[in-house]
Amino acid sequence: MDAIPDSPCATTSHTVLEAKTGISRARLPEPFLVSLYRGLAPYRGCEHACAYCDGRAEKYFVEGQFDRDISVRMNLAERVAADVSSHALAREYGSICIGSGVTDVYQPLERELGIMRKVLGHLSETGLPLVILTKSDVILRDFDILSRFPRVLVIVTVTTVNDEDARLLEPGASSAAARLAVVRLAKERGFSSGVMAMPLCPGISDVDESFSALLDAASAAGADFVYPGGLTLRPGSQKDAFLSVIDARYPALRPLYDRLYRENRQSGMPVADVGRTFVKNLDRRVRERGLPQMIPHRVYRDLLCPPDAFFVLLCHMQSLYSLRGIDTRPLKAATDRFADSLAAERTALRRKRTIVADSDPFPITRILTERFVQRMAVSSGADSLAALLGNDRLAMLAANLQEKGAYFDYPSLQVMTESL
Ligand code: SF4
């Protein structure tokens, strides 16, 4: 691989990596980040150097030192341009997610190279919505391009508003105040925006005082949601790197971490009972503030077509009800049936090359949506949504949401209309 000749940062090594594709698409939307398409990141490795970053884990095969040896896909914008002009991308409406991998697309190097700016320029020609994640205020540079997308969701990761903890845990990222300013400015621009509060580190950022301060700051910035999550420590490089920071800076917490992560699970999860209680507690604390505790239906129903948004809602409802101790097996069975049907329909339609974008830029989406609405209109029988789901109440919920233009409110678990 060639070195980038005029590397702007003397402390890191930058090498060129070739991107073979720019955008990939799925058979079903990804529920966590409510997106149908996924964009490749320009970088491998990350100068933000977060102590807890799971990109250090052997599982991801990032060569060299994760936060110093950065590989750059210099040809990414060309690959994205080729994907954008391809027939396949243009036939279906659904958000493109950028920044979901184990690297930050707006790390310091991006300020110099500007690859994201070119990538976004090409993506804005698709007429598709965008979901973008970062821990950096460099994204503000590209707000003018984001304004060209029909809908935008800017997700900013903030794990603590304590500057000293942030400096130790996320030394290369923008300050928490600068990140929360991104949320505020995104909202002022008319974008949706929320806070990914993960990972919350035990004894540091998950403690009441710290997490309450984060919730206050996110609310003040106008965040549409705060999505909390715990820390995973995969055995090997990630766990070793994180515990070395704990030993150096928070030595009193080492016994706590030894206890929580003693099982050395490959997933990096803490011991099961503790992890479950921890997540339940976070969920309760967010919803007590009246904030959605994951990307809310009110936001993503405009980022996806109606059947895809309903699929994501079913997935989210499983988490929401499970956290309240409700048996979600019937819901899971309905979700699986709906998912199988939707994925099969989509695959069959994609194979039909005769369905082309004409005056309608998203003909596959139109057909999928028409079928979904037709199923709702039939109250019983094999073609009804109730029969497909095996659940009358969920079919009624879908019809209710569709007819009233309503949304499902996560803190209250109620259907709401915009006027409420
Ligand atoms: S910003 Fe994300 S990818 Fe970069 S070091 Fe931090 S956790 Fe890892």
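Hi everyone, one definition first: helices (H or I, at least four residues) and strands (E, at least two) are DSSP runs, numbered from the N terminus. With that in hand, Pro199 sits in strand β9, residues 192–200. A cis peptide bond links Met198 to Pro199, with omega about 0 degrees.

Now the ground rules. This is a predicted model, where local features need pLDDT of at least 70, side-chain atom pairs count only at pLDDT 80 or more, and totals for chains, interfaces and linings use all residues. Residues are numbered from 1 along each chain as its sequence is written.

On confidence: pLDDT is the predictor's confidence in each residue, from 0 to 100. The chain averages 91, and 95% of the residues score at least 70. Residues 1–10 are below 50, and this stretch has 14 contacts in the model beyond near neighbours in sequence. Contact here means that the C-beta atoms of two residues, placed from the backbone, lie within 7 Å.

Let's go to the domains, whose bounds come from an automatic or database domain assignment. The chain splits into domain 1 (13–300) and domain 2 (306–416). Their centres, taken over C-alpha atoms, are separated by 28 Å. The contact between them takes 25 residues from domain 1 and 24 residues from domain 2. On the domain 1 side, β2 (23–30), α10 (272–288) and α11 each supply at least two residues. Helix α10 gives the most, with four residues. By type, that side divides into 13 nonpolar, five polar and seven charged residues. For that count, Ala, Val, Leu, Ile, Met, Phe, Trp, Tyr, Cys and Pro are nonpolar, Asp, Glu, Lys and Arg are charged, and the others, Gly among them, are polar.

Staying with α11, which covers residues 297–300, we find Val299 there. Leaving out residues up to four places away in sequence, Val299 touches Leu153, Ser192 and Asp224.

Next, the core. A nonpolar core is a set of buried Ala, Val, Leu, Ile, Met, Phe, Trp, Tyr and Cys residues joined through C-beta atoms within 7 Å. The largest one has 118 residues, and those touching the most other members are Val131, Val154, Val195, Ala218, Val226 and Leu314. Helix α12 (residues 306–323) contributes the largest share, nine residues. Both domain 1 and domain 2 give residues to this core, so it lies between them. As for Val226, its contacts include Val195, Ala218, Leu215 and Val286.

Pairing needs at least two DSSP bridges between two strands. β1 and β5 (residues 69–72) run parallel over four bridges, and Ser13 stands opposite Asp69.

Most residues other than glycine have a negative phi, and most peptide bonds are trans. Val34, in the loop between β2 and β3 (35–39), has a positive phi near 45 degrees. Val34 counts as buried because it has 28 C-beta neighbours inside 10 Å. Asn264 also has a positive phi, about 50 degrees, and belongs to the loop between α9 (254–260) and α10. With 11 other C-beta atoms within 10 Å, Asn264 is exposed.

Methods:
A residue is buried if 20 or more other C-beta atoms lie within 10 Å of its own, exposed if 12 or fewer, and partly exposed in between; C-beta atoms are placed from the backbone.
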